[in-house]
Amino acid sequence: MHILKGSPNVIPRAHREKNMLIDETGLYPLRGPFKNVALSPFSLRLLGGGGSGRGEEMSVSKMAAAWPSGPSAPEAATARLLGVLWFVSVTTGPWGAVATSAGGEESPKCEDLKVGQYICKDPKINDATQEPVNCTNYTAHVSCFPAPNITCKDSSGNETHFTGNEVGFFKPISCRNVNGYSYKVAVALSLFLGWLGADRFYLGYPALGLLKFCTVGFCGIGSLIDFILISMQIVGPSDGSSYIIDYYGTRLTRLSITNETYRKTQLYP
């Protein structure tokens with residue numbers, strides 16, 4: 001397609017019939033009273049309906065006065081696009097965050113605070129059981145304090161601005177069920193009186209204790225095996241309870257895997 005560049009000639013008839021505007025950027029359809037207008041870098045010519053192919057020349061000032069004052073279609077589309085981009089930047093940027101917070105965002109529960117936003121006290125330990133004093137159904141609770149200047153909903157559902165001295169919630173911790181069987185006593189009986197079955201009598205296994213007593217600890221072999229099993233906490237009290245062990249001492253934690261256990265995907269190099 002031929003584009004006029006600085007030529008004073010008017011648009012050929014083939015282009016006039018298509019009512020197209022030719023300029024440096026390409027073709028644009030014209031509507032309204034200026035269907036037959038040729039735009040060149042030096043002049044604007046209004047094409048008449050005659051067959052001579054040369055129209056009446058109009059000055060740029062007259063043409064600008066006669067041209068509609070509204071923005072063209074490309075300019076309007078560009079303005080709309082810029083408006084959309086401005087709106088997105090405002091709503092997703094820091095100003096949008098300020099507007100959202102100012103809009104009254106609901107405070108989270110204190111139980112949902114992240115690690116580092118609260119601190120929990122150590123549980124109070126019972127000297128007799130060496131477990132938290134409020135241990136029930138293998139669960140105890142400790143009081144937790146949100147950090148200063150944290151706002152959240154406490155255990156009562158009230159939204160509170162904490163200063164670091166108020167209890168925000170009670171965190172559950174695991175504890176063990178004990179029934180008076182001491183780990184130290186069981187190990188000592190197995191070491192010194194295991195050949196008489198004293199350890200089995202103490203843990204609630206009278207039949208095995210009597211058998212060990214009659215066979216002198218299965219000639220010492222049974223006593224050695226029981227000492228290893230009790231020391232490793234594999235053999236425990238017969239009622240299923242746990243040994244009484246110092247709360248901050250060495251304990252054996254048994255791990256089991258079932259169909260409900262979450263298995264993390266292993267990543268190999």
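Q: What makes the largest set of nonpolar residues here a core, and which residues belong to it?
A: A nonpolar core is a set of buried Ala, Val, Leu, Ile, Met, Phe, Trp, Tyr and Cys residues joined through side-chain atoms within 4.5 Å; buried means under 20% relative accessible area, exposed means over 50%, and partly exposed lies in between (1.4 Å probe, protein chains only). The largest such core has nine members: Y181, Y183, A186, V187, L203, I230, V235, Y243 and I245. Helix α5 (residues 183-192) supplies three of these residues, the largest share. Helices (H or I, at least four residues) and strands (E, at least two) are DSSP runs, numbered from the N terminus.

Q: What kind of model is this, and which cut-offs apply to it?
A: It is a predicted model, in which local features need pLDDT of at least 70 and side-chain atom pairs count only at pLDDT 80 or more, while totals for chains, interfaces and linings use all residues. Residues are numbered from 1 along each chain as its sequence is written, and side-chain values use heavy atoms, with hydrogens and water left out.

Q: Which residues does V187 touch, and what counts as contact?
A: Contact means heavy atoms within 4.5 Å. Leaving aside residues up to four places away in sequence, V187 touches F227, I230 and S231. There is also a second, separate core of eight residues, including Y118, C144, F162 and F169.

Q: What do nonpolar side chains tend to do in soluble globular proteins?
A: They tend to be buried together.

Q: How many disulfides does a search of the whole structure find, and how do you know that C110 and C152 form one?
A: The search finds three. A disulfide is a pair of cysteine sulfur atoms within 2.5 Å; the sulfurs of C110 and C152 are 2.1 Å apart, so the pair qualifies. The link of C110 and C152 is right-handed, with 85 degrees about the S-S bond. C110 sits in the loop between α4 (94-102) and β6 (118-120), and C152 in strand β8, so this pair ties together parts that are 42 residues apart in sequence.

Q: What makes C120 and C144 a disulfide, and what does the torsion say about its hand?
A: The S to S distance is 1.8 Å, so the pair meets the cut-off. The torsion about the S-S bond of C120 and C144 is about 95 degrees, so the disulfide is right-handed. C120 lies in strand β6 and C144 in strand β7, so the pair joins parts 24 residues apart in sequence.

Q: How do you know whether C120 and C144 are buried or partly exposed?
A: C120 has 26% relative accessibility, so it counts as partly exposed. C144, at 0%, is buried.

Q: What makes C135 and C175 a disulfide, and where do the two cysteines lie?
A: Their sulfur atoms are 1.9 Å apart, so they count as a disulfide. The link of C135 and C175 is right-handed, with 85 degrees about the S-S bond. It connects distant parts of the chain, 40 residues apart: C135 is in the loop between β6 and β7, and C175 in the loop between β10 (169-174) and β11 (178-182). At 25% relative accessibility C135 is partly exposed, whereas C175, at 8%, is buried.

Q: What is the pairing when the bonded cysteines are numbered in sequence order?
A: It reads 1-5, 2-4, 3-6.

Q: What is the phi of V216, and where is V216 placed?
A: V216 has a positive phi of about 55 degrees although it is not a glycine. V216 belongs to helix α8 (residues 216-219). With a relative accessible area of 45%, V216 is partly exposed.
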